[in-house]
Number of protein chains: 2
Amino acid sequence: MKYSVSKENYIKAIFHLQQEQDSVTTNALADALQTKPASVTDMLKKLKIQKLLQYEKYKGVKLTLEGRKLAIQIIRKHRLWEYFLVEKLHFGWEEVHEIAEELEHISSRKLVDRLDEFLDFPQSDPHGDPIPDSNGKIPSLQQLSVSDLPLNSTGTVNGIGDQSADMLELLRHKNLQIGSRIEVKKKFDVDGSIEIKIRNQPPVTISDHVAKNLLVAYDNKSK
Amino acid sequence: MKYSVSKENYIKAIFHLQQEQDSVTTNALADALQTKPASVTDMLKKLKIQKLLQYEKYKGVKLTLEGRKLAIQIIRKHRLWEYFLVEKLHFGWEEVHEIAEELEHISSRKLVDRLDEFLDFPQSDPHGDPIPDSNGKIPSLQQLSVSDLPLNSTGTVNGIGDQSADMLELLRHKNLQIGSRIEVKKKFDVDGSIEIKIRNQPPVTISDHVAKNLLVAYDNKSK
DNA sequence: ATTATATTTTAGATTTGCCTAAATTATTAT
DNA sequence: ATAATAATTTAGGCAAATCTAAAATATAAT
């Protein structure tokens, strides 16, 4: 049960695209994998033979249970390594994705589980995405966007919707990161911008777009 | 300057074989890499074009300066990861080699240097082999075999010559490991066996073969 | 419903790293 | 010095993963 890096990348990409819509399209995959549709078709045939996915020509593709399990293992590795890189090696959260793309293909199961233990079983990676446990269970983080937070309520940043470089740059500038505790101070209906306060820091205003893409766990009022 | 896993493995194997003898033979390489001589010839031609080695047909092969630098970077990664696996993830030193064979091909230079720092710049890996620093300098560990140690002198185990499974099994049984401080108590000329004492443990006798392959740093008498 | 457009698949090549079998060159033994 | 043997290389092929161009199918538009 060992698959090539390339195959693992296909499975992972299909898994992610399936979150958006049930069945994944050849073009969408080609796009996600930076390759040509013809290459995708070739590979889908091979992955079908290995029973990792259901595929009928012209009909799109879905992962089988086995495919999904594989995808989750890869995502688990990716996110654990990201956590390791940020927490232990002090990388910035913008720079870890690329390295984790390589590390996620290291095969040893024992390594992953030991790493998980070493890191004290983190629930989410530096971008706030949940880390599947060793059984493949994905913790469902309570996540809502700052836009939906009531006035004067507080929350802890645990995810970013738009993870573009520009967005991350802005967040870095405003000193907003995973784990930041924020309080909603004011909402401006005119443009949807919101003024928030980060513990121990002066208040900042964020645009509608940023507010929608800044995800938090809503604090259950009681401190 | 990125090379395939396969190419990196060739370079590493050549580097190791060159420690034994200056010029490396096609058959020796095929043997080390578990492949066929014909495949080796093919690859040598490609590596020559990339200026990683000097190769003339029927004349054997040597690394160029560039090839040697690459080899050392790979070995550095291998040994740092081994150290990490043993010290931080508590793997046994027999089980880390295989995993490190994969990890050594992760490309990020920054990752290696951060890992080195995180581990506090270790000088040698769990098998006692020296870890090159980030400039490629290999610390020359003072290493002599227990056979060469004078009577009543003490030393610290820092390497194993014969790293066969049988050897490791024996050492484990006698509780001898990298870092063990030993003292030579008695030498039996009849068969070359030696009685040694490990700090805080009863004395044990090791055969001539084991003594020759147990490498230590000789303590400069003064505590 | 038929045509135009977009998506997907097939066909045929390419590159990398490997293989076997045969030919070539080196080495060793007599 | 030459024959036998061993080591190495060449030639021709194969599988994986990709590509381009052309064909087939599906979707949208009138």
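Predicted model: local features only at pLDDT ≥ 70, side-chain atom pairs only at ≥ 80, totals over all residues.
Let me begin inside chain B, where H1(B) and helix H4 (residues 65-87) of chain B pack at an angle of about 100 degrees, with their axes 9 Å apart. That makes H1(B) roughly perpendicular to H4(B), given that angles of 65 to 115 degrees count as roughly perpendicular, under 35 as roughly parallel, over 145 as roughly antiparallel, and the rest as oblique. The axes here are lines fitted to C-alpha atoms, for helices over the stretch in contact, and the angles run from 0 to 180 degrees between N-to-C directions. Helices are DSSP runs of H or I with at least four residues, numbered from the N terminus.

Residues are numbered from 1 along each chain as its sequence is written, and chains are lettered from A and ligands numbered from 1 in the order in which they are written.

Which residues bring H1(B) and H4(B) together? From H1(B) they are B:Glu8, B:Ile11, B:Lys12 and B:Phe15, and these meet B:Gly67, B:Arg68, B:Leu70, B:Ala71, B:Ile74 and B:Ile75 in H4(B), where contact requires that the C-beta atoms of two residues, placed from the backbone, lie within 7 Å. By class, this contact has six nonpolar residues, one polar and three charged; Ala, Val, Leu, Ile, Met, Phe, Trp, Tyr, Cys and Pro count as nonpolar, Asp, Glu, Lys and Arg as charged, and the others, Gly among them, as polar.

Helix H4 of chain B has another partner, for H4(B) and H6(B) pack at an angle of about 40 degrees, with their axes 10 Å apart. That makes H4(B) oblique to H6(B). The crossing of these helices is left-handed, meaning that the near helix is turned anticlockwise from the far one by less than a right angle. On the H4(B) side the contact is made by B:Arg76, B:Lys77, B:Leu80 and B:Phe84, and on the H6(B) side by B:Val112, B:Leu115 and B:Asp116. Four of these contact residues are nonpolar, none is polar and three are charged.

In chain A, the axes of helix H4 (residues 65-87) and helix H6 (residues 109-118) come within 10 Å and cross at roughly 40 degrees. The crossing of H4(A) and H6(A) is left-handed, with A:Arg76, A:Lys77, A:Leu80 and A:Phe84 of H4(A) in contact with A:Val112, A:Leu115 and A:Asp116 of H6(A).

Now to the two chains together. Two copies of a chain are related by a rotation about an axis and a shift along it. Here a rotation of 179 degrees with 0.1 Å of shift along its axis superposes chain B on chain A, with an RMSD of 0.2 Å. The two copies are thus related as by a two-fold rotation axis, the superposition being by least squares on the C-alpha atoms of residues with pLDDT of at least 70 in both. Among the residues of chain B, B:Leu103 comes closest to the rotation axis, with its C-alpha at 3.8 Å.

How many residues of chain B are in contact with chain A? There are 13, and they are in contact with 14 residues of chain A. Helix H5 (96-103) and helix H6 (109-118) of chain B each supply at least two residues of the side of chain B that touches chain A, and H6(B) gives the most, with four residues. That side divides into eight nonpolar, two polar and three charged residues. Because 100% of the interface residues of chain B are also interface residues in chain A, the copies meet through the same surface.

Finally, the DNA. Around DNA strand C there are 19 residues, of which A:Asn27, A:Ala38, B:Ser4, B:Lys36 and B:Ala38 come nearest; a residue is near a strand if its C-beta atom, placed from the backbone, lies within 6 Å of it. H3(B) gives the most to the surface near DNA strand C, with five residues.

DNA strand D also has 19 residues around it, and the nearest are A:Ser4, A:Ala38, B:Thr25, B:Asn27 and B:Ala38.
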